Every structure is written in structure tokens, then in C-alpha cells.
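Please consult the sequence and the structure alongside the text.

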Amino acid sequence: MDAWPRCLERLETEFPAEDVHTWLRPLQAERRDDTTVLYAPNAFVRDAVHERYMPRIRELLGHFGGGGQVSLEIGSLPRAAEPVRTPATAAATQAAAAAGAAAFHGNLDSHYTFDNFVEGRSNQLGRAAAWQAAQKPGDRAHNPLLLYGGTGLGKTHLMFAAGNEMRRNNPGARVLYMRSNDFYSAFFRSLQERTSDQFKRQFQQLDALLIDDIQFFAGKDRTQEEFFHTFNALFEGRQQIIMTCDRFPREVDGLEPRLKSRLAWGLPVAIDPPDFETRAAIVLAKARERGTHVPEDVAFLLAKKMPSNVRDLEGALNTLSAQANFTGRAITPEFAQETLRDLLRAQQAAISIANIQKTVADYYGLQIKDLLGKKRTRSLARPRQVAMALAKELTEHSLPEIGDAFAGRDHTTVLHACRQIRTLTQTDGKLREDWDKLIRKLSE
Ligand SMILES: Nc1ncnc2c1ncn2[C@@H]1O[C@H](COP(=O)(O)OP(=O)(O)OP(=O)(O)O)[C@@H](O)[C@H]1O
């Protein structure tokens, strides 16, 4: 599908950057028989594109050889065909063909950098580790670097940032990004085509291998075996390895024990869900980046209502921005409430006080009646405080309402619990971990 990138390139010169960012870049293209199908992520984008840009798109696609029909639909390409993170087949071919450093591409997405990564307590360590790895690739202190944590928290962003930084420091650096499933398919193909030697060779010349979502290797024994050898060869060659995983590898069922232990050899760092302030800062930074004006109270609103996943937060911002552009209205809290009503309601419905009480009780192995009861032993009082503080953090309920839901406690008790837990999350590592895990569970 060569015609679309060329068409998009031309459109970028013809329309304001903000329009291109909002309406045209989100489109994905696919060739179906003699029709070019353009996928829009939602109805706003589809309608705006249909109304304002289709005639020009048709002309340009015709011009660049994507002739025939052009259709515009809501949908997306399967993930493997996403334009941003191209499949490893391309990467592998590039890697193999990259005799000269200048030609080496490695699949890095240059958009994701340290500059546009918002730092907060939840990702500070991960950021610092990725930064260090980029400054001194291969150094034993951070090789391999493993970033692990829930979905949409910025692991891939940091990984790209490290790769881009390596290339900034040393433009000839050979940094290859691969998703684990791409490693799997490329390896599989090399077996069928009897090109395993070539497959192995591509890794020898690398300075760094960035490999995303290694939990995908679970249950794929031959691929694990191959990755194990690749890993050892890179490690011995002092080539930097950066990996991401959706949890600590020991917790991934179906990974071989020797691989699990090897993965945690270097520096494993958890990426946690960002706290409220960081979430708001991310919304503001993303808005600035795309040239959309989002006032602080809207950023706070989104941060408050969408507690865990940055990807969802970004999705909400995109919808707001698209709708504001489309209707010509300013982005205010009312506008946000209205536009994101269904989304916010879904989030809200998912997190009720009862839900929080049940999750916290299960987490600490308690009965709900004990969590709500009067006993003040520490093993009950602390989880109770955690549950109250979570209710304040994750729902819209007032302190008196939360007190009521906890067997009619006074609102000052709830306030005290919130303050206490806030302090403890900063001083007590175990409690911090419990807090983050509970937020993650509740936001799933
Ligand atoms: N701290 C941050 N600052 C700026 N953007 C962030 C931050 N954290 C996450 N994001 C953004 O959130 C989106 C999702 O991040 P990313 O793809 O890196 O998540 P991930 O942890 O790799 O998730 P997955 O495991 O699902 O692949 C990206 O657009 C990324 O730029």
C-alpha cells in the first residue's frame, strides 16, 4: 500500500498540521481488489474526512497509482499491519540488508522520545534505567533491561525513547525493535524457508535489540529456545537488550524456567499506573503536542475519571479534540462530560464502592464483614483505610457518602484514612505496591 503514504505526505503540505494530525494521520489504508479502503477510527473522523478531504484524497490516490475505487469505513487494520510499528519481516529484511550503518532502520518509531515522556513516581525508575541504557548500551548495570507492568503504561514508549536516544548519541547505532510475535513469525518462516542461519545472523551485527511483550513467548517452546540462544549471544557480545513484559516474567505461565531466570538477570524495573498528577500532566503534554488547547480543569477531570491506563486517557483526549474540531466548540469540562459521557459512565460503573470493598477484601484475604466491622486490629484497620482511600481516589463519592458505605463511619475517619494512606504510599514500599496493584485490578 504505497500510494497512501505518498498521498498523506502530499496532504501534509496542503493542509494545516493540526488538521492532518486530527483527521488524516489516524486513517489507515488497505488495498482490497481494485478498491483502496481507508479506515477511520470513529464516526467523527469518517464524517469529517468524507466532507472535507475525500475529493482531494481521490485525486491524489489516482495520481500516485492507487487507482480504482476509494472507500471510507470505520475500522482498523489488524495490529500486525499498523503503520507505525511495522512487521518484523520488514525489520528482519532491513536488518539483514543493512550492510552500511546509514541504511539501518530498525523499526524505531522516532515519535516516542524522552522529551515527550512525562515523568512521575510510577515510572521514574523505568525512565532512569532506559536513559542509562541509552547512554551506555551493553553496560552490565542495565543489561538486559526489562520493563514490566500493565498495559498502556508507557513501556513501549520508553523502549523507543531509549532506542532513539542511542541513535541520537550515535547515528550509526544499529538498534532493532521487534515485537515478540514478529520474532516468532520471522523465526517460524526462517524454519520453513531454511534460512535460519540468516535469521540468526541479523542479530549479530546489532548494538541493541528491543523486544516488546515477551509474555507472547509463553507456550511457544521452539521460539523460546531460539530466543534463549539469541539472548545469550547478545548478552555475551555485550549488546544491549531491552525487553518489555506485561508482568514480572516469573509470573508468566508457560515460560521456561531457565529463560525466566535469565530475563531477570540484569535490571528488571516495574512501571506502575501513573498517579493522579502525572495523569493530568500527561493529558496536558499530549494536548500541547498536538496543538489542542485543553484547560487544566479538563485535564484534571480526565485524570480523575480514568485512573489507570494512559492509552485510554489518550483515546479520550483524541475523541475530545476531534469532536471539538468538528463542532467548533471549546473544550470545557461540560463539553468533556457531554462528549465522553458513555466512556465515563462505563468507567464509573465499573468502579463502585462495593466493588472496591470486595476487591480489597479479596486482595488481603478478608471477609467483607471484617473489612466493614468495628475491630481495629492492624490487619483489618489498614486494609479498611486502603479501601476508603481508594473509594475517594477512584469514585466521585463525597467523604460522608464513603463513610456511610463503610458501616456509617464519620467523614473525618475517611479523611484521616485518605491522608494516612497518602503518606504511607510515599514511605512504605509494600503498601505502595498493594495500592498500585489494587488500582490496576480495579481499572481492568
Ligand atoms: N509517562 C508518559 N508520558 C507520555 N506518554 C505516555 C506516558 N505513559 C504512557 N504514555 C502513552 O500511552 C500510550 C501507550 O503507551 P505504550 O504503548 O508505551 O504502553 P505499553 O506499556 O507498552 O502497553 P502494552 O503492554 O499494551 O504495549 C502511548 O501513546 C504513550 O506515548
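The expected span of a helix is 1.5 Å times one less than its number of residues. Helices (H or I, at least four residues) and strands (E, at least two) are DSSP runs, numbered from the N terminus. The model is predicted, and local features need pLDDT of at least 70, side-chain atom pairs count only at pLDDT 80 or more, and totals for chains, interfaces and linings use all residues. Residues are numbered from 1 along each chain as its sequence is written.

**Overall composition**

The chain contains 21 helices and 8 strands. A residue is termed buried if 20 or more other C-beta atoms lie within 10 Å of its own, exposed if 12 or fewer, and partly exposed in between, with C-beta atoms placed from the backbone. Of the 444 residues in the chain, 40% are buried. Two residues are in contact if their C-beta atoms, placed from the backbone, lie within 7 Å. Among contacts between residues at least 6 apart in sequence, 73% join residues at least 24 apart.

Just after H11, Gly291 has a positive phi of about 75°.

Helix H9, residues 221-236, also agrees with expectation: its 16 residues should span 22 Å, and its end C-alpha atoms are 22 Å apart. Which residues of H9 are buried? They are Thr223, Gln224, Glu226, Phe227, Thr230, Phe231 and Leu234. Seen down the axis of H9, the buried residues fall within an arc of 160°, so they line one face of the helix; the arc is that of the directions from the helix axis to the C-beta atoms. The face turned away from this buried side carries the exposed residues Asp221, Arg222, His229, Asn232 and Glu236. The packing partners of the buried residues of H9 are helix H7 (180-192), helix H8 (196-204), strand S6 (208-212), strand S7 (240-245) and helix H10 (257-263).

**Surroundings of the ligand**

A residue is near a molecule if its C-beta atom, placed from the backbone, lies within 6 Å of it. There are 18 residues around the ligand, and Thr151, Gly154, Lys155, Thr156 and Val310 come nearest. Helix H6 (155-169) and helix H13 (310-327) each supply at least two residues of this shell. Domain 2 (88-270) and domain 3 (276-350) each contribute at least three residues to the shell; the domain bounds come from an automatic or database domain assignment. By class, the shell holds 6 nonpolar, 7 polar and 5 charged residues. Here Ala, Val, Leu, Ile, Met, Phe, Trp, Tyr, Cys and Pro count as nonpolar, Asp, Glu, Lys and Arg as charged, and the others, Gly among them, as polar.

**Backbone geometry**

Most residues other than glycine have a negative phi, and most peptide bonds are trans. The peptide bond from Asn143 to Pro144 is cis, with omega near -5°. Pro144 is placed in the loop between helix H5 (124-135) and strand S4 (145-148).

Arg238, although not a glycine, has a positive phi of about 55°, and this residue lies in the loop between H9 and S7. Arg238 is exposed, with 12 other C-beta atoms within 10 Å. Ala407 likewise has a positive phi, near 55°. Its place is the loop between helix H19 (399-405) and helix H20 (411-427). Ala407 is exposed, with 12 other C-beta atoms within 10 Å.

**Pairs separated in sequence**

The table lists two pairs of residues with their C-alpha separations.

| Pair | Separation along the chain | C-alpha distance |
|---|---|---|
| Thr113 and Ala161 | 48 residues | 4.0 Å |
| Tyr148 and Asp246 | 98 residues | 5.4 Å |

Thr113 is placed in the loop between helix H4 (88-97) and H5. With 16 C-beta neighbours inside 10 Å, Thr113 counts as partly exposed. Leaving aside neighbours within four places in sequence, Thr113 is in contact with Ala161 and Asn164.

Tyr148 belongs to strand S4. Is Tyr148 buried or exposed? Tyr148 counts as buried, because 24 C-beta neighbours lie inside 10 Å. Beyond neighbours within four places in sequence, its contacts are Thr244, Cys245, Arg247, Phe248, Pro268, Ala270 and Ile271.
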